[in-house]
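Please work through each task before reading its solution.

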Amino acid sequence: MSKEQMLKFTDIKLNQPEKRATTARSSDFKEIYLSDSLKKTRNQASRCSQCGVPYCQSHCPLHNNIPDWLMLTTHGRLKEAYDLSQQTNAFPEICGRICPQDRLCEGNCVIEQSGHGTVTIGSIEKYITDTAWNEGWINTISPIKECPEEVAIIGAGPGGLAAAATLRKNGIQVTIFDKYDRPGGLLTYGIPSFKLEKEIVQRRVQHLKESGVKFNMNCNVGCDIEFKDITEKYHATIIAIGVYKARSFENLAGERSNVVRALDYLTASNRKGFGDEVPEFDTGNLNAYGKKIVVIGGGDTAMDCVRTAIRQGASSVKCFYRRDKSNMPGSQREVQNAEEEGVKFVWLTSPKGFKSDDNLTKGIEVTKMRLGLVDNTGRQLSEEIDGTMYVEKADLFIKALGFDPEDIQNLWNCPEMEFTRWGTIKTNFRTHLTNIKNVYAIGDITRGASLVVWAIRDGQEAANQIVKNLHSKNDIAAE
Amino acid sequence: MKNLNNEWVSKQKALREYISNYGMYREENEHSSCGVGLVVSIDAIPSRQVVEYGIAALKAVWHRGAVDADGKTGDGAGIHIQIPVPFFYDQIRRTGHEPKMNELIAVGMVFLPRTDFSAQETCRTIVESEILKMGYSIYGWRQVPVNVSCLGEKANSTRPEIEQILISNSKGADEETFERELYVIRRRIEKQTINTRDLYLASLSCRSIIYKGMMLAEQVAEFYPDLLDDRFQSTFVLYHQRYSTNTFPEWWLAQPFRMLAHNGEINTIKGNLNWMKSHEIRMAGASFGDFAEDIKPIVPSGSSDSAALDAVFEMMVRAGRNVPMAKTMMVPESWSKLTVEMPKKWQNMYAYCNSVMEPWDGPAALAMTDGRWVAAGLDRSGLRPMRYVVTADNLLIAGSEAGMVSVEEAKVIEKGALGPGQMIAVDLTRAILLHDKDLKDELSSSLPFGDWAKKITDLEKVKIGNEFEYFTGDELRRRQISAGYSNEDLEIILSPMAESGKEAIASMGDDTPSAVLSKQYRPLSHYFRQNFSQVTNPPIDSLRENRVMSLKTRFGNLKNVLDQDGSQTEILVLDSPFIGNAKFSKMVEIFGEDVTTIDCTFDLNFKEISLAKALERIKVDSEDAIRSGAGHIVLTDKMQNSDKVPIPMILATSAVHSWLTKRGLRTFCSINVQSAECIDPHYFAVLIGCGATTINPYLAQDSIADRIKRNLLTGTLTEHIKCYQEAIDQGLLKIMAKMGISVVSSYRGGLNFEAVGLSRSMVAEYFPGMQSRISGIGISGIQRQVLEIHKKGWDIKQDVLPIGGFYKSRKSGEKHAWEAKSMHMLQVACQKASFDIWKKYSKNVLSNSPIHLRDLLDIKSLRDPISVDEVESITAIRKRFVTPGMSLGALSPEAHKTLNIAMNRIGAKSDSGEGGEDPQHFYPDPNGDNPSAKIKQVASGRFGVTAEYLNQCEELEIKVAQGAKPGEGGQLPGMKVTELIARLRYSTKGVTLISPPPHHDIYSIEDLAQLIYDLKQVNPVCKVTVKLVAASGVGTIAAGVAKAKADIILISGHNGGTGASPATSIKYAGLPWEMGLTEAHQVLSMNNLRDRITLRTDGGLRTGRDIVIAAMMGAEEFGIGTAALIAMGCIMVRQCQSNTCPVGVCTQDENLREKFSGSADKVVNLITFYAQEVREILAGIGAYSLNEVVGRVDLLHQVSRGAAHLDDLDLNPMLIMVDGAKELKLDRLRSRTEVDETLDYQVIHDAERFFENGEKIQLSYSVRNTNRTIGARISSHVVKIFGMQNKLQPDQLTLMLTGSAGQSLGAFLVPGIKIQLNGEANDYVGKGLSGGLISVRPSIESTLIAQNNTIIGNTVLYGATSGKLFASGRAGERFAVRNSGANVVVEGCGTNGCEYMTGGVAVILGEIGANFGAGMTGGMAYLYDPDQVAERQVNSESVMVCNVSVDYWETQLKSLIIEHADETNSMKATNILENWDTEKFSFLQICPKEMLGHLPFPIYVDDAKARVKIN
């Protein structure tokens, strides 16, 4: 095995994985990035500067040991690279695909910051784990010994699944409850296939099933089972239900049935991908084919919507956002992909109202904005420019304005649970414990809408905390 | 004279004791160094002349001593002569007795308590009764007349009553017996007074007598009028002048001691003393018979290293070895790697010596006598000068300098300098002079060493099978985890060693917590900080001077050191203490029944698990084993499993070693250690320091085997273990060399470490003799940690090892002070000039868990808070900041210049670092900025140190050591040597440059004084700073440095940065600045030296709070290194060594330098923030200025005692305040301490017309060895008036000198000045030569053959950059070391010639010493070698050797020889030139291999006649 040197960024140029041609990719839902060759992956990994203070790791919510597995990859030691990367991350191949690396590891990569172009951390992470799957290095989880303790996880999204994996490694019995028919949460129904093909998620789900995780699907807590029944039965419970309540416009009149919520739109599209019957899609209500589409919002969900619309065959897709490109919350890389695929972005534009007839909304009233002072988070505030109002006509309007937590206090009938003023569950930020004994909460339901990678981190942390607590209990019992 | 009374003395003593017990000072750290010499009549006829020469010589070495603050108290001097019997007979007659002429007379020189009369009487009684008990009679006491008016006040107040006791050999014993029994008497007396120095016998002998005391050298004869008496005649005189770091006058510590006088240090003293304790037990010389017990302990406690050496030396001689043999045994020359050069007989003798005793190693010039032999000798490295002359009237005069005794040149028949390991001696009974070769031939034939050497079994010659591993797979991983291995250890530390035999290189400093403050598991080795040498003794270059280094490990039953027979050689030897698995099992097989294996684990399942009990068990087991006959012990932790927990092997080894030593059993066995944890050279060093004989790092070996299995390494395990061993061996040598120790047997058991964070009581029990000043984790805490890590390995399923994070930051690993967040905040603050963000940064730093010792402290208030406006201004505070020495070479030119500009803008100072500075910086930039560093550094490489450079600054800094790698040299790899750097450093682009570990002109404290003197001459106004690294003993060194007239002392913390250094050096050498600074402040205060100097500190000062704490600990100025780099964009990539700094701070790559985003404004902001934060803190505690809190450790208090599992962590020793220190008036703006004028003062006066009008002038003077540094000051004037690149004629100002010139003749001499010396010169001729011309020839009267005699001393042309030197005669050791541009012709040189040379041309027309051209990477050398013997003396690692066959080079050579003949009238040169056509074939040309591509002409032509030889 050859011993390539690291620190090659002075000789080797940045080379992100190739994207499929826009014409080809905008007509199907396959991933847009082509897989890199081993040679190229190793080559790109060798550009890493092996920093003394790895900013990539500091800015990775999971604190992945990135420089280390880059070094192993360069040297062709992919098995070890995988072992190392899965140690901090339950689903590296998923993060490698959907993390906004340009805002996290890659964006803070020292050689990127100093103008040499980042190391392609995401695609290397993906390559390592894909290889591990292909080579059969990923075995079912088999703990040293099985423990009798059982843990319930509510929500089969990334956080819940990550927690399940960690608990199983420690021999703890896990049951997951979820209201959907398929596990995966947003990974399955939220994120479009062209970013994350569904086989990838289902492979993980299958892996967990084989590793002994029990899935209780189509089970809506509060309806099909009482929350109390769960907490009473299990040694610990993790709430990982995410935030699903779509934000809407305040005081904006005139919405008709063709003004839809982003998640409904994306879920319909994903279900079609599975081959499910989806009436709303078939009726055309959630299908963009041949239509003029307007998406409102500047986050990653908005990006998913516009690009899905393109693939469904929309005649035109426009995205309205009230700040400018550099102040949007979504990934710049996604914006670029969308632009390549034909999406038009209309920056500094804010909706004021809808123009509708009885059945349908015909247009959206928007006004131009300008950026003013910087607020204390460092973002510039936007303000309207008088007299710039106009109406944009379209056939389908998608609201991607973000999500809020649902009112689970009532839905689940748990008045004793403490919440924050934003409606998220209040937890200890280290232990993830809620104010209810043995009940933990993780992911978006505690943070508000956030990244998959944060959910994974929370899941792993909470699981480790549960293991620690159970162990210390056992230690006390033994003494 | 101010009368200091007893009260002062007892107060001083009490103060010393108090600080020693509770503060940071330890008496054992005192150092001394000196001038030494002897005069002896070869025909053994006593004469008055000899004594007078001795007295005269003492008057000419005053500059090698030091004077106390009172201006008169010297560090001690003395003289050792034969007993002038007639004189004492007269004394006896005066008391009314008649001397018994048929009986030998003996005289004791006795120091008694002066003021306490009853104690005096008690002492007299003790002395008398011991003499009578042995059966001799006493004539009586004689009060020695003294003249106290020449003493300093301190010396006088501690002066003892000095009396002589006169004894008659009434028993009629023969002289040998009488002398031996006098020795026993003295030892018995000393045993009775073991705890007091009030009674001290300077000498007690029937042969000789010693007069010594605490006066300046020139006043010995004035103080003791006896010495002026004409009846004082002697065949020999030994004399000594001491320079000590100690300022409390201790009369008994003056030299000479009973048999020898020593100039230098014994670096191995700790190991030697420990081993003596073991040897002592078995010592039963036939010669002492029943007295054997009386002479023990051999070394009285509290002895200096010289006194200890003397004590053992004396014992060896008294037991029947003669003086030269005792020297050969104790301070042997290096031999094991010189087999080609050394006769077999000598080798056998040394092999024998090696098997008997560990060498006493260190820089040492020795003058020795037992009354029969008088000898001078040098240690193996030959670092101290020893010059000698033999005169026609049969005198041998030897000493530290040539010319100390003025002898008529016409009478001189031989002049020489001793080489490394050499001796010269006079046997007075035979009345003959023996040179080195004769002596050793005689010694090596005197006993059957050859037969004895044959009994030594060399284990390296035993056939061993292939290497193998013990553990694999899951078992291996468990053991790795439970031994604390991380991925980092395997990838960064182990892998390079196994692959390429090299240790890993890293960069930047260590910003992780001390092991004791860490929350992670840290192996015990992390608590041990390597000692290193600075100032008082030089470190060694273990790479370039490998020939003196040895890891030869002997083991077996060590016998009585006093015997002289074959039983002592029945031992086994190995080339290294490192043993692979296969070799280990073979070794155990050979041991057979002789070995006992002791399981060093303890069982978890026992009810009472306890580490302490386990240690008890292994101690008892090992003692039992030896008592039942085992000759070898194996300590192993291999038997660990899920139930059995390993004892840290460092603890196990030291427990056993110290226990066996205590029981007197250590020399009966070897201790062989199998350790899982042991992976890096530091761990090996600690184990050996604890007493391990051999070490088998089995788990590291298994880990390598595992890598081979996984195809990460190609080749066999045997090959890779060889590589691994090579790396460990080199690492061990480096660690030893740092301390100046060259032989592992003297390092073993020496515990040359300071513990940081180990419990004092545990250290006292298991690591006796090691310092642990702040206490810390104890046995129970260690047990807890061991259990925890054991559980991780054996109880939990882990697929991968922990990631690490000790060297490079990782989230799950060790805490680092510099994190992404804090660096980002600092950078934003500096960029946006936002003090608010800085405050956030500062708060963030403070909120970290403790990393440094100071994090456990808090600040107390002085008064009620005051308004910030009332505190001194930012401007005033900023001036106290310094950016420490970071060289252009490490930094990019942009970064380097930015720092200079920024610091100059605010009236603070930047330091140029090593490597010169662009002369363009000496002129302001167009925008008015001054890009020239205010501090210019003088480091060991002396790159670009010219007279001009030295005159462009306010301060000159002598970098003695560097925080990141104290005791080590540096290397600038060729890829970083750009055109610019090559120009500034006077070298060649792309060619590697080496900085040696020591300054080759500082081997001891008086050498440092000389360099300070040189620098103050060449720059008439600048202050001189000495940069030291915190270490135990740095306080005493600082005291010595203060006495050497330095103005500023910089105490660097171990955590300072570096561009490149071995990873383990960054981590394990040196101490935190908190410890060094407080020690220095305490010791300087205690000695009334504190207000003479300014203290500065650096090393990880990150916030205003750090600055205030440093000030309270005594610092007045503060160095900001890493933070300044971060302000300029550094983000701690820690790849400085690779030249790929992505932000252009630390690289020479043009493309990367473009990425540099730093600016002077950012740095100014940074310093301003520090200052503003300091102001706010000061306001908060009610202080109006920084000065008000400097040294106020009473304003600090400890608020945290570390983690709960520690025994105690006691920082109070750092917080001790010396009485009176509160009132100290410190003024950092005072003018510099001036030094004495030189001859130049006269020259400047006499050469007025030269300086005013540039007229050509020739001046003539006669000189002595006390005329030092001639030419430096006039060079300074020339630079200022005419510039260094002037148009003067080479001899525009000519000095014609006659006589023996002192040290540093022609230092920094610039173009336009020529010095012609008729006579001879001492060390450092042409130091830093900057374009001037020096020629030295024998005096006209001399009848010597120039080429056979030494005419110039050691270390000639060190750091010369240009100019010429011609010397008609031989040069001493280390000729032309680090020459980078001078052209020179001499007629022979000693060892290590042209070492590290990077430029210039050296022509040597005579014999050369060994190791020529080591580390030479530039320039050219020509050797005249008609007998074809020179080639084997050349170290061919970096140079090639060929004949001179190309015209260009021939012309270069010939024209230099012509010039030499013209300048010196050299006969040799003339003869060679007359027969040039044949003689030219006798020359060898030495060319650095790296230069081959850069030469203007090829080095040889393809011609049969050229006899090309390329190594």
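**Exercise 1: Helix H4 of chain A**

H4(A) is followed by Gly76(A), whose phi is positive, near 80°. The model is predicted: local features need pLDDT of at least 70 and side-chain atom pairs count only at pLDDT 80 or more, while totals for chains, interfaces and linings use all residues. Residues are numbered from 1 along each chain as its sequence is written, chains are lettered from A and ligands numbered from 1 in the order in which they are written, and side-chain values use heavy atoms, with hydrogens and water left out.

Task: Determine how many residues of helix H4 of chain A are buried, and what covers them.

Solution. 
1. Helices are DSSP runs (H or I, at least four residues), numbered from the N terminus; H4(A) spans residues 66-74.
2. Buried means under 20% relative accessible area (1.4 Å probe, protein chains only). By this criterion 9 of the 9 residues of H4(A) are buried, among them Trp69(A) and Met71(A).
3. The cover includes H2, H3, H5, H7 and H9 of chain A, together with helix H15 (487-500) of chain B.
4. One residue of helix H7 of chain A is Asn108(A), which is buried at a relative accessible area of 15%. Beyond four places in sequence, Asn108(A) touches Tyr55(A), His59(A), Arg103(A) and Gln113(A) (heavy atoms within 4.5 Å).

**Exercise 2: A helix pair in chain B**

Task: Classify the crossing of H28(B) and H38(B) by its handedness.

Solution. 
1. The axes of H28(B) (residues 893-905) and H38(B) (residues 1160-1181) come within 8 Å and cross at roughly 50°.
2. The crossing is right-handed, that is, the near helix is turned clockwise from the far one by less than a right angle.
3. Residues of H28(B) in the contact include Leu899(B) and Ile901(B), and those of H38(B) include Val1163(B) and Ile1167(B). The contact residues divide into 8 nonpolar, 1 polar and 2 charged.

**Exercise 3: Nonpolar cores**

Solution. 
1. A nonpolar core joins buried Ala, Val, Leu, Ile, Met, Phe, Trp, Tyr and Cys residues through side-chain atoms within 4.5 Å.
2. The largest such core has 302 residues, and Tyr724(B) and Leu1166(B) are among those with the most contacts inside it.
3. A second, separate core of 79 residues includes Val184(B) and Tyr352(B).

Key:
Axes fitted to C-alpha atoms, helices over the stretch in contact; angles between N-to-C directions. Helix = DSSP H or I, 4+ residues; strand = E, 2+ residues; numbered from the N terminus. Nonpolar A, V, L, I, M, F, W, Y, C, P; charged D, E, K, R; others polar. Buried < 20%, exposed > 50% of the residue type's maximum accessible area, 1.4 Å probe, protein only.
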